[in-house]
Protein chains: 2
Amino acid sequence: MDAVHRILAKRDLRTYADRPIPPDVLTRILEAGRRSGSARNRQPWEFVVATDAEVRRALARCGRFAAHLARAPAVVVIAVEGARDLFDAGRCAQSMMLAAWLLGVASCPVALHDERGARAALGLPEGPVLAPAVALGYPDPAGRGRLERVALRVLAGRGRKPLADLVSWNRYGNRA
Amino acid sequence: MDAVHRILAKRDLRTYADRPIPPDVLTRILEAGRRSGSARNRQPWEFVVATDAEVRRALARCGRFAAHLARAPAVVVIAVEGARDLFDAGRCAQSMMLAAWLLGVASCPVALHDERGARAALGLPEGPVLAPAVALGYPDPAGRGRLERVALRVLAGRGRKPLADLVSWNRYGNRA
C-alpha cells in the first residue's frame, strides 16, 4: 500500500539539485521505460539521453516552458515511430518517472515546440515523432526555484478536478 | 527499491478471475489516474468505467484484440480532449495500471478500432478522442486463458529490445 501512496504523491518538479544522477540509477529509470508495455509489444520508441550541458541548453531553448532542461542533470527524449504511438510514449514516460520518483529522483515532462531545433540539437533525423522530453534530477534541497514557483502559481492554482467530475459509470454522464 | 522491482515486473495480462474489484480498490486505481500529471495541469481526460457486463461485451466487439474486455470485471475508457493529449492519456493509464498492479490487480490496455461502436456502447458524443481502453481484473489463479496464450506466443515471442539498442547518448545514434 505504501508504494501506491508514493505513486499517488508523485509531483512533477522542475527545480533540481546540482548533482548528477549516478549511472546505475539512470539505467534503472531507463529500464522502467524499456519494460513498460506497448501495443502489440512493438516497443515503438528510442531514447536519446542528454547529459551534456550544451545539448541540454540547446533543448531548453526548444520549448516554451523548457528552461528547466538546462538545469536537469539528465533529459530523456522519447522518439516514437508515429503519432499513434504517443499513448505508449506516455506509458513509457510515466513508468520512468514513477520508478525515478521511488528512487528519489524528480521529473517533469515538457513539450519541445521547436521540433526542428530539437532534432538539430540531438542529431535526430526526420521521421520519428518527438514525445515530450522528460527532465530528471534530484529535487533541490533549497526548494523550488523562481521558475517553479511561477509555474506552480499558474498551474497548481487550477487544482485537480474531483473524481466525481471525471468518472462516468457505464454510460457517459452517468455520475452515480 | 522493492516497489521499483514491482514496477519493472508489471506485465499486461488479459486473463482475469471471475471476481469483482471492490469499490475502494477501484477508486484507488482511478485516483492514481486523476493524480497523474498532465501538460499545464489541464487534466484533459474523463473516465468512463464499464462494470456492466452488457457494456463490456459491447466494447469487446469494438477492437480487434479486445475480447478480454468482456471478461474483465472493470474497463476504464479514457476520453481526452484531442489527439495531442494521447501522451497524457498514456501517463494517466500507466499510473492507474501500476497502482492497480501494486494492489494485486492486473490490466491490459487495448485499442478500440471501431470507435463509432465504442461511442454508441458508452453514450459518448463525438468530440472527445478515445485512448485505448484499460481492462482491469484480478489475475486468474488458473493461469492464462487461451486468448492470452495466443497473444503471448505472438507478442512475447518478439522479446524486448535490449537497452543498448534503444538508448543514444547526447546525439542520436551515439550508443557509447
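A residue is buried if 20 or more other C-beta atoms lie within 10 Å of its own, exposed if 12 or fewer, and partly exposed in between, with C-beta atoms placed from the backbone. Five of the five residues of strand E3 (residues 106–110) of chain B are buried by this count, so E3(B) is largely enclosed by the rest of the structure. This is a predicted model, in which local features need pLDDT of at least 70 and side-chain atom pairs count only at pLDDT 80 or more, while totals for chains, interfaces and linings use all residues. Residues are numbered from 1 along each chain as its sequence is written, and chains are lettered from A and ligands numbered from 1 in the order in which they are written.

**Confidence**

- Chain A averages a pLDDT of 94, and 99% of the residues score at least 70; pLDDT is the predictor's confidence in each residue, from 0 to 100.
- For the complex, the predictor gives an ipTM of 0.95 and a pTM of 0.95.

**How the two copies are related**

**The contact between the chains**

- Chain B and chain A each put 60 residues into the contact, where two residues are in contact if their C-beta atoms, placed from the backbone, lie within 7 Å.
- Elements that each supply at least two residues of the side of chain B that touches chain A include helix H1 (2–8), helix H2 (23–35), helix H4 (86–102) and strand E4 (129–137). Helices (H or I, at least four residues) and strands (E, at least two) are DSSP runs, numbered from the N terminus.
- H4(B) gives the most to that side of chain B, with twelve residues.
- Strand E1 (residues 45–50) of chain A pairs with E5(B) in the parallel sense over three bridges; strands pair if DSSP finds at least two bridges between them. Phe47(A) stands opposite Val167(B) in E5(B).

**Strand E3 in each chain**

- Both faces of E3(B) are covered, with Ala106(B), Cys108(B) and Val110(B) buried on one side and Ser107(B) and Pro109(B) buried on the other.
- E3(B) and E4(B) run antiparallel and are joined by five bridges, and Cys108(B) stands opposite Ala135(B) in E4(B).
- In chain A, strand E3 (residues 106–110) is mostly covered, with five of its five residues buried.
- Five bridges join E3(A) to strand E4 (residues 129–137) of chain A in an antiparallel arrangement. Val110(A) stands opposite Ala133(A) in E4(A).

**The nonpolar core**

- The largest nonpolar core has 115 residues, and Leu59(A) and Leu59(B) touch the most other members. Such a core is a set of buried Ala, Val, Leu, Ile, Met, Phe, Trp, Tyr and Cys residues joined through C-beta atoms within 7 Å.

**An exposed position**

- Arg153(A) lies in helix H6 (residues 146–155) of chain A and counts as exposed, because it has 9 C-beta neighbours inside 10 Å.
- Arg153(A) is 128 residues from Val25(A) in sequence and 31 Å from Val25(A) in space, C-alpha to C-alpha.
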